[in-house]
Amino acid sequence: GGASACRLTYVGSVSFGGWVPDWGEEACLLTRARAIGQLRYLTLVAPGIPPQHEHDHNAINGTIGKQQRVGEVWEEGTAAVCSRSGSAHAGATTTSTDGLCPSPLTAASASGNGSGSRSGEASSASGGTRGSARRSNLHPRNDSSPSRREWPLHGLVRLPEGGLRCIDASQMEKQKGVILDLIKSAGQALLEGKNIVSISLPVRVFEPRSGLERISDQWSFGPTFLRKAAMVPPGPNQALERLKYVISFCVAGLHRACSQLKPFNPILGETFQAAWCDGSHLFMEHTSHHPPISHFQADGPDGLFRFWGFYEFKGQLKGNAAVGRQEGPLVVEFHDGGRVEYTMPAAKLSGLIWGARTFEWVDRLRFEDRANGLTCTLVLAPDGRPLFGLPRTPVDTLRGSIKKDGKSVVSVTGSWLEGLHFDGKSYWSLYDFEPATLTPVGGTDVLPSDCRYREDLIYLAHGDEDQAQRWKLALEVRQRRDRSLRNERKHFP
């Protein structure tokens, strides 16, 4: 019954309500147990518990470790784990990021991968995904060792012309023929550019996560930049400096949203709760089935900031490419009333039917601090995309300026695959900043509506695509039926 972690290496003979899970002989981690003899009321880290034997698997106490991989560290409630220190902090609220969150790695200790070339930067590094960030908690970096990040995007390489190309053969094999099958089934609707977000896809192209959990990957630098923004001292340049940090927070997270695997579309009422290593808490809920809209709120430690908003997910098939948008305002509010709003660019995935599979962000990002008359527009690929040959600057380049009452006061340059500069001063670099660890909430604080309870996700995490596909279709049928009932208002006064 202690709070410290213990390791359970064999659970094959333990009763889990009358049946033994098929992962019984795998190693797993337990971070808290009140009655270890019966394995009740514990936070369990394991691949998940499949819904077998007509059991109500939700009734099994303490099994909210669903879908979480072996090797991830949990602690009951809203505890968070720091990827740099490797230690857990339950609701940490200290105003210092030292030892809590990944702060900028110092240039004095930087070495290793260097700044990277435009191509061939892929390596076997496991960074760039939430799972890899958590795995680093079990093997914390020795700060006396070289500390520059390796190329963080496994299975992706940066192209000479900018953007990313997928070189993961297994993922490409899974996705082979999916778009052609879609065109055959959905036909004209797809070719006319109608929204493709709600179109059903086979589970072989999915990752075992909900879109709610997946979207939070982009916010992994909140504990670094939003905290800094909140702590900018009062003065004539406070609002300007805060805006720089909010822009850095957004741009730094763009490379975290490039996975080639699709997350599961959230179900109406589905939720997700988690905490970052600085004590920030995240709450998400899917609030509309059609159109698909999700709301979120992240509360910073000590009330330093609040990050909230909603996304309406839209996607169109345009020839050999798909373009997706996350439309909706994103708002950062600070403890003293300061406020910044911004909007996201569009994501473009090319090579769906022929050619190389590539990814890039397109269009522009917009930021605004209305109270202080500050705006910023960052244009992606500002020098265009020629039909032949390489562009003058890589398409992952972004450029713009911060304006005060319509007058340019700060130039902004950079790349979402390199770094970000304000008037030539670096605020973020891909290789010198690590994403903060986001730890899903465990224990009794988890709502029954949490996305990690979904049967299709659980089975896919186990590698059972057939059962995952059956559950996915069953949940889709249930959603359509519920929507029909809502429209008919049969069960409402």
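Analyst: In this predicted model, Phe307 is in contact with Trp219, Leu226, Phe249, Phe296, Gln297, Ala298, Leu330, Val331, Val332 and Tyr342, leaving aside its neighbours within four places in sequence. Phe307 also belongs to the largest nonpolar core, which has 70 residues. Within that core, Phe307 is one of six residues that touch the most other members, together with Trp219, Ile247, Phe367, Ile402 and Trp416. Helix H7 gives the most to this core, with ten residues. A second, separate core has ten residues, among them Val178, Val203, Phe206 and Ala468. As a general background, nonpolar side chains tend to be buried together in soluble globular proteins.

The next step is to see how helix H7 is placed. Helix H7 covers residues 238–252, and helix H6 covers residues 222–230. The axes of the two helices come within 8 Å and cross at roughly 170°. Angles over 145 degrees count as roughly antiparallel, and H6 and H7 are therefore roughly antiparallel to each other. On the H6 side, the contact is made by Gly222, Phe225, Leu226, Lys228, Ala229 and Ala230. On the H7 side, Arg242, Tyr245, Val246, Ser248, Phe249 and Ala252 take part. By class, eight of the residues in this contact are nonpolar, two are polar and two are charged.

Ser248 is located in helix H7. Its relative accessible area is 0%, so Ser248 is buried. A polar atom of the Ser248 side chain lies 2.8 Å from the backbone oxygen of Lys244. Not counting residues up to four places away in sequence, Ser248 touches Phe225, Leu420, Phe422 and Tyr427.

Phe422 and Val412 are ten residues apart along the chain, and their C-alpha atoms are separated by 4.8 Å.

Key. Residues numbered from 1 in each chain as written. Predicted model: local features only at pLDDT ≥ 70, side-chain atom pairs only at ≥ 80, totals over all residues. Heavy atoms only, no water. Axes fitted to C-alpha atoms, helices over the stretch in contact; angles between N-to-C directions. Helix = DSSP H or I, 4+ residues; strand = E, 2+ residues; numbered from the N terminus. Parallel < 35°, antiparallel > 145°, perpendicular 65-115°, else oblique. Contact = heavy atoms within 4.5 Å. Nonpolar A, V, L, I, M, F, W, Y, C, P; charged D, E, K, R; others polar. Core = buried A, V, L, I, M, F, W, Y, C linked by side-chain atoms within 4.5 Å. Buried < 20%, exposed > 50% of the residue type's maximum accessible area, 1.4 Å probe, protein only. Polar contact = N/O pair within 3.5 Å; in protein donor to acceptor, adjacent residues only side chain to side chain.
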